[in-house]
Amino acid sequence: ASPGFPAPYDKHKLCMTTIVAPPTFTVQINFALFQLGGQDCDKAAVTIYDEESGGKDVYCGAYSDLIWRSNGSKVKVVFASSDGKNGPGYIASYKFLPAP
């Protein structure tokens, strides 16, 4: 969850979480609620790094039932906010799935 969820997150926050699945598994992240302050990813965003493939995806704004899946077993999730409009943030859960 974003800092302080369900209250609006604070400005100028940086939070990082690393998720490591067992070998031969991938990570699936399910965002039940995702509502950051606006569509400007420079103001508030969640960046998900797939550590093994080197890929990354950046999300901002609002999504309904956002689901993300890694290619490898190690993922880093980074939430960053600046001085923009604050929203309620996000709440997410994850699970490990067998690699395809």
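**Note on the core and the strands around it**

1. Aspartate 65 lies in the loop between strand E5 (62–63) and E6, where strands (E, at least two residues) are DSSP runs numbered from the N terminus. The model is predicted, so that local features need pLDDT of at least 70 and side-chain atom pairs count only at pLDDT 80 or more, while totals for chains, interfaces and linings use all residues. Residues are numbered from 1 along each chain as its sequence is written, and side-chain values use heavy atoms, with hydrogens and water left out.

2. Aspartate 65 is exposed, with a relative accessible area of 58% (exposed means over 50%, buried under 20%, partly exposed in between, with a 1.4 Å probe and protein chains only). Leaving aside residues up to four places away in sequence, aspartate 65 touches Phe31 and Ala32, a contact being heavy atoms within 4.5 Å.

3. Phe31 is also among the residues with the most contacts inside the largest nonpolar core, which has 18 residues; such a core is a set of buried Ala, Val, Leu, Ile, Met, Phe, Trp, Tyr and Cys residues joined through side-chain atoms within 4.5 Å. Strands E2 (25–35), E3 (44–50), E6 (66–69) and E7 (74–81) each supply at least two residues of this core, and E2 gives the most, with four.

4. Six of the seven residues of E3 are buried. E3 pairs with E7 in the antiparallel sense over seven bridges (pairing requires at least two DSSP bridges between two strands), and valine 46 stands opposite phenylalanine 79 in E7.
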